[in-house]
Amino acid sequence: MTRDRSDLDHRRGRTPPSGHVQPASRGAVDAFLAEARQMAPAQPAAAGTGAARLILALDATQSRQPGWDLAQSQQGEMFRVAGDGGLAVQLVYYRGLDECRASRWTGDAQGLARAMSRIDCRGGRTQIARVLSHAVAEARVVPVKALVFVGDALEEPQDVLDGHAADLALLGVRAFIFQEGHDPVAAAGFQRIARMTGGALLPFDSTGPDRLRALLGAVAAFVSHGPRALDRPGRADPAALRLLADRMGGG
């Protein structure tokens, strides 16, 4: 049931913004699309206000295969911490020279993992500006609490990224950047995006799955339950919550 984003834009009476993420569409990445169509749609939260929405965006360029595999295996922690119906996730990924795609919103952790398993990493350059632009476009249609981005490099003009980050901040979307590795240029750029949106830069190593799982759970707790989650561990790892609070300047 993945829908063509340009068709949605047409029916809403608007033109897709320049640089908008290409939707998962017929004729490309067929296995991914098949899984995306089967993912269960997000269910309303028990409180009746609707599930909190989080965009999970991943760099799928060639250097990222270990980190991609780790994210695939650990993303279910977000759903577990958020609780039944408490989180809706949209997967966005880029790879190659001009491929950047988005799944439907889902509350199905297993379906999301299956969709991710169909994607192999390929050489290319970063397309973070397109990810941020897509997040802005989504947040203008439905409330989005957070953008989680997992990557290891940044190869785009910072001023362009800053402009999109400012738009996210105005829409109340916090960016939580999970940086793999120690690239200082990427770290500086990621930190700017995180600070501008009120999010956090969170480093991790693909050889340490427990850290990534705990941090993803901490972000999900914050997105689903708000700042109070930083003081009340609940299902999330207390150490990860403390680190998140520290990185966010106390929330």
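This is a predicted model: local features need pLDDT of at least 70, side-chain atom pairs count only at pLDDT 80 or more; totals for chains, interfaces and linings use all residues.

**Entry 1**

I started at Gly151, which stands opposite Gln179 in β5. Residues are numbered from 1 along each chain as its sequence is written, and side-chain values use heavy atoms, with hydrogens and water left out.

Helices (H or I, at least four residues) and strands (E, at least two) are DSSP runs, numbered from the N terminus. I count two strands as paired if DSSP finds at least two bridges between them.

Strand β5 covers residues 174-180, runs parallel to β4 and is joined to it by six bridges. I then looked at strand β1 (residues 52-59), which pairs with β4 over five bridges, also in the parallel sense. There, Leu54 has Ala146 of β4 as its bridge partner.

How many residues of β4 are buried? I found six of six in this strand, residues 146-151. Buried means under 20% relative accessible area, exposed over 50%, and partly exposed in between (1.4 Å probe, protein chains only). Ala146, Val148 and Val150 point one way from β4, and Leu147, Phe149 and Gly151 point the other way; all are buried.

I also checked the handedness: β4, α7 and β5 make a right-handed β-α-β unit. Right-handed here means that, with the strands pointing away from the viewer, the path from the first strand over the helix to the second runs clockwise.

Next I went to Asp162, in helix α7 (residues 158-170). Asp162 counts as buried because its relative accessibility is 12%. Which side chain does the side chain of Asp162 make a polar contact with? I found Arg192, at 2.4 Å. A polar contact is a pair of N or O atoms within 3.5 Å; within protein, one must be able to donate a hydrogen and the other to accept it, and residues adjacent in sequence count only if both atoms are side-chain atoms. Setting aside neighbours within four places in sequence, I have Asp162 in contact (heavy atoms within 4.5 Å) with Arg192 and Met196.

Gln90 lies in strand β2 (residues 87-95). Gln90 is buried, since its relative accessibility is 0%. I see its side chain in a polar contact of 2.7 Å with the side chain of His134.

**Entry 1: salt bridges**

I got ten salt bridges in the structure. The cut-off is a side-chain nitrogen of Lys or Arg within 4 Å of a carboxyl oxygen of Asp or Glu.

I looked at Glu77 and Arg80 first. Their side chains meet in a salt bridge of 2.8 Å, N to O. Both residues lie in helix α4 (residues 76-82), three residues apart, about one turn of the helix. An α-helix has 3.6 residues a turn, so residues three or four places apart point the same way. Buried or exposed? Glu77 is buried at 15% relative accessible area, and Arg80 is partly exposed at 41%.

Then I moved to Arg95, in strand β2. Arg95 is buried, with 2% relative accessible area. Its C-alpha atom is separated by 8.0 Å from that of Gln127, 32 residues apart along the chain. The side chains of Arg95 and Glu99 meet in a salt bridge (3.0 Å, N to O), and both residues are buried.

Asp98 forms a salt bridge with Arg130, with the closest N and O atoms 2.8 Å apart. Asp98 lies in the loop between β2 and β3 (99-102) and Arg130 in helix α6 (residues 128-139), so the pair ties together parts that are 32 residues apart in sequence. Asp98 is partly exposed at 48%, whereas Arg130 is buried at 15%. I also noted that salt bridges with shared partners join Arg95, Glu99, Arg101, Asp120 and Arg122 into one network.

**Entry 2: helix α6**

Last, I checked α6. Twelve of its twelve residues are buried, so this helix is largely enclosed by the rest of the structure. Among them are Arg130 and His134.
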